[in-house]
Amino acid sequence: MFTIKSPAGYVQQAGLCQQAGELIRPLAVHLRILTSPRAWQAVNPALSESLERAGIRWQLDYLSGECTDDNIARFQQRLLEQGAEGILAIGGGRVLDTAKAVNAALGDRVLIALPTLAATCAAWSPLAIVYNAAGGHLRSQPLDAMPALILVDSAVIAQSDERYLRAGIVDALAKWYEFEPYQRHNPHQLALDVKVSAAWQAVEVFQRWGEVAVRDNQQQQVTQALEKVI
């Protein structure tokens with residue numbers, strides 16, 4: 001038996017925040033938003049105006065600290081009290097992981113991820129990395145539920161510090177070197193073959209476009225290179 005997990009949908013485009021409401025509305029009309037102050041500022045006013053145009057109701061939560069058991073429980077309780085049918089997670093890895101953990105625990109909500117940094121694979125990965133309050137790693141928690149939709153506004157990514165894009169390139173570049181030895185020792189496993197193939201495609205993209213994408217990010221320009229690297 002093999003399992004391949006992926007989000008139900010992925011959309012990437014410059015200026016996507018302006019269209020987010022119409023993309024989200026078929027999935028949920030009442031949202032609990034989990035974000036950070038910086039990430040919320042990065043997507044607005046375009047995002048909130050788009051949600052309002054689509055007739056989507058929402059309430060806002062700021063994540064304080066890391067993805068911890070306390071923060072997971074706190075956001076889950078607020079979501080249940082509010083009765084929202086969907087979660088919109090906006091930000092980096094700690095926000096996305098907290099929202100993913102809550103979504104997986106409940107099992108009956110819709111999760112939409114809007115990453116504001118191209119620094120990790122948190123938007124896509126079926127794991128939540130859980131820390132203690134001091135920032136120490138506790139566990140990497142496997143998740144059955146995946147996002148219903150990932151929305152990537154490449155214009156938002158272009159405005160972020162290029163060190164996050166560099167981190168994302170290194171994070172993704174490492175995947176092929178991690179997976180390929182397993183493939184050599186475990187041939188003919190389709191799920192592993194798919195991972196290795198995607199990882200090698202990333203290596204090729206970074207070799208061709210990586211340096212250009214970083215320079216474009218430094219200049220806050222959305223270009224073909226930046227789109228491909230994201």
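A disulfide is counted here when two cysteine sulfur atoms lie within 2.5 Å. In general, a disulfide is a covalent bond between the sulfur atoms of two cysteines. A search of the whole structure finds 0 of them. Cys-67 is in no disulfide, and the nearest cysteine sulfur, that of Cys-121, is 14 Å away. That is too far for a bond. Is Cys-67 buried or exposed? Cys-67 is buried, with a relative accessible area of 0%. Cys-121 is partly exposed, at 36%. Buried means under 20% relative accessible area, exposed means over 50%, and partly exposed lies in between (1.4 Å probe, protein chains only).

This is a predicted model, in which local features need pLDDT of at least 70, side-chain atom pairs count only at pLDDT 80 or more, and totals for chains, interfaces and linings use all residues. Residues are numbered from 1 along each chain as its sequence is written, and side-chain values use heavy atoms, with hydrogens and water left out.

Now turn to the sheet. Helices (H or I, at least four residues) and strands (E, at least two) are DSSP runs, numbered from the N terminus. Two strands pair if DSSP finds at least two bridges between them. Here 6 strands form an open sheet with parallel pairing, in the order S1-S8-S5-S4-S2-S3. Strands S1 (10-12) and S3 (57-62) stand at the edges, each with a single partner strand, so one side of each has no neighbour in the sheet. From one strand to the next, the twist averages 20 degrees. Strands S4 (residues 86-91) and S5 (residues 110-115) run parallel and are joined by 6 bridges. Ala-89 has Ala-113 in S5 as its bridge partner.

Helices lie across these strands. Helix H5 (residues 93-106) lies across S2, S4 and S5, at about 165 degrees to S4. Contact means heavy atoms within 4.5 Å. Axes are lines fitted to C-alpha atoms, for helices over the stretch in contact, and angles run from 0 to 180 degrees between N-to-C directions.

The structure holds 4 aromatic pairs. Rings of Phe, Tyr and Trp (its six-membered ring) pair if their centres lie within 6.5 Å; planes under 30 degrees apart are stacked, over 60 edge-to-face, and the rest tilted. The ring centres of Tyr-10 and Trp-124 are 6.1 Å apart and their planes stand at 55 degrees, so this pair is tilted. Tyr-10 lies in S1 and Trp-124 in the loop between S5 and S6 (127-131), so the pair ties together parts 114 residues apart in sequence. Ring pairs also link Trp-176, Tyr-177 and Trp-200 into a cluster.
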